[in-house]
Amino acid sequence: RWAADRVYLLEKELKDTKVRIRTLNNEAANTSEPIDQLEIQKKIRELEKRQRKQRQEIFDAEDRIKDHRDNMIEQMAQRIQRSFKEKQIFAVRWTLI
């Protein structure tokens, strides 16, 4: 559950960044002042950098989650193997007369 929550949070942050970029693009389209255009474009550029970083963080988080799950599966397999080892404790010999 924690894994899904972590990925969800990162994806939400990415979605918020995308919405902000879209809003700034609309502002840029409606602005006629070159100075304002420049400032908006700088903000968009920074948000696009953040967006790329957020995407990479999502991929990294998914990789860490996958690795953690693989480790848990391996540990479970080792526990199962340990609990089913066969060992001869004693032997009984008998004959029918």
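Biologist: Where does K87 lie?

Modeller: This is a predicted model, and in it K87 lies in the segment after α2.

Biologist: Why is K87 called exposed?

Modeller: Exposed means over 50% relative accessible area. K87 has 71% relative accessibility, so K87 counts as exposed.

Biologist: How far is K87 from D63?

Modeller: Their C-alpha atoms are separated by 40 Å. Along the chain, K87 and D63 are 24 residues apart.

Biologist: D63 brings up the negative patch. Which residues form the negative surface patch?

Modeller: E11, D60, E62, D63 and D67 form it. What makes them negative is that Asp and Glu count as negative.

Biologist: Which helix gives the largest share of the negative patch?

Modeller: Helix α2, residues 34–83, gives four residues. E11 is found in helix α1, residues 2–30.

Biologist: Why is E11 called partly exposed?

Modeller: Buried means under 20% and exposed means over 50%, with partly exposed in between. E11 has a relative accessible area of 39%, so E11 is partly exposed.

Biologist: Which residues are buried in α1?

Modeller: Among them are A3, V7, L10 and L14. T17, I21, L24 and A28 are buried too.

Biologist: How many salt bridges are there?

Modeller: The count comes to three salt bridges.

Biologist: What makes D16 and K12 a salt bridge?

Modeller: The rule asks for a side-chain nitrogen of Lys or Arg within 4 Å of a carboxyl oxygen of Asp or Glu. For D16 and K12 the N to O distance is 3.4 Å, so the pair meets the rule. Both residues lie in helix α1, four residues apart, about one turn of the helix. D16 is partly exposed at 42% relative accessibility, and K12 is partly exposed at 40%.

Biologist: Why does a separation of three or four residues matter for direction?

Modeller: An α-helix has 3.6 residues a turn, so residues three or four places apart point the same way.

Biologist: How do you know that E46 forms a salt bridge with K49?

Modeller: Their closest N and O atoms are 3.7 Å apart, and the cut-off is 4 Å, so the pair counts. E46 and K49 both lie in helix α2, three residues apart. E46 is partly exposed at 43% relative accessibility, as is K49 with 42%.

Biologist: What makes D70 and K66 a salt bridge?

Modeller: The closest N and O atoms of D70 and K66 are 3.1 Å apart, which is within 4 Å, so this pair counts as well. D70 and K66 are four residues apart in helix α2, and therefore separated by about one helical turn. D70 is partly exposed with 36%, and K66 is partly exposed with 42%.

Biologist: Which residues form the nonpolar patch on the surface?

Modeller: I89, F90, V92, W94 and L96 form it, with about 760 Å² of accessible area together.

Biologist: Why is L96 called exposed?

Modeller: The cut-off for exposed is over 50%. L96 has 80% relative accessibility, so L96 counts as exposed. L96 lies in the segment after α2.

Notes: Residues numbered from 1 in each chain as written. Predicted model: local features only at pLDDT ≥ 70, side-chain atom pairs only at ≥ 80, totals over all residues. Heavy atoms only, no water. Patch = residues over 30% accessible without salt bridge, like charges linked within 9 Å, V, L, I, M, F, W, Y side chains within 5 Å. Areas by Shrake-Rupley, 256 points an atom, 1.4 Å probe, with all protein chains shown as cover. Charge placed at Lys NZ, Arg CZ, Asp CG, Glu CD. Helix = DSSP H or I, 4+ residues; strand = E, 2+ residues; numbered from the N terminus. Buried < 20%, exposed > 50% of the residue type's maximum accessible area, 1.4 Å probe, protein only.
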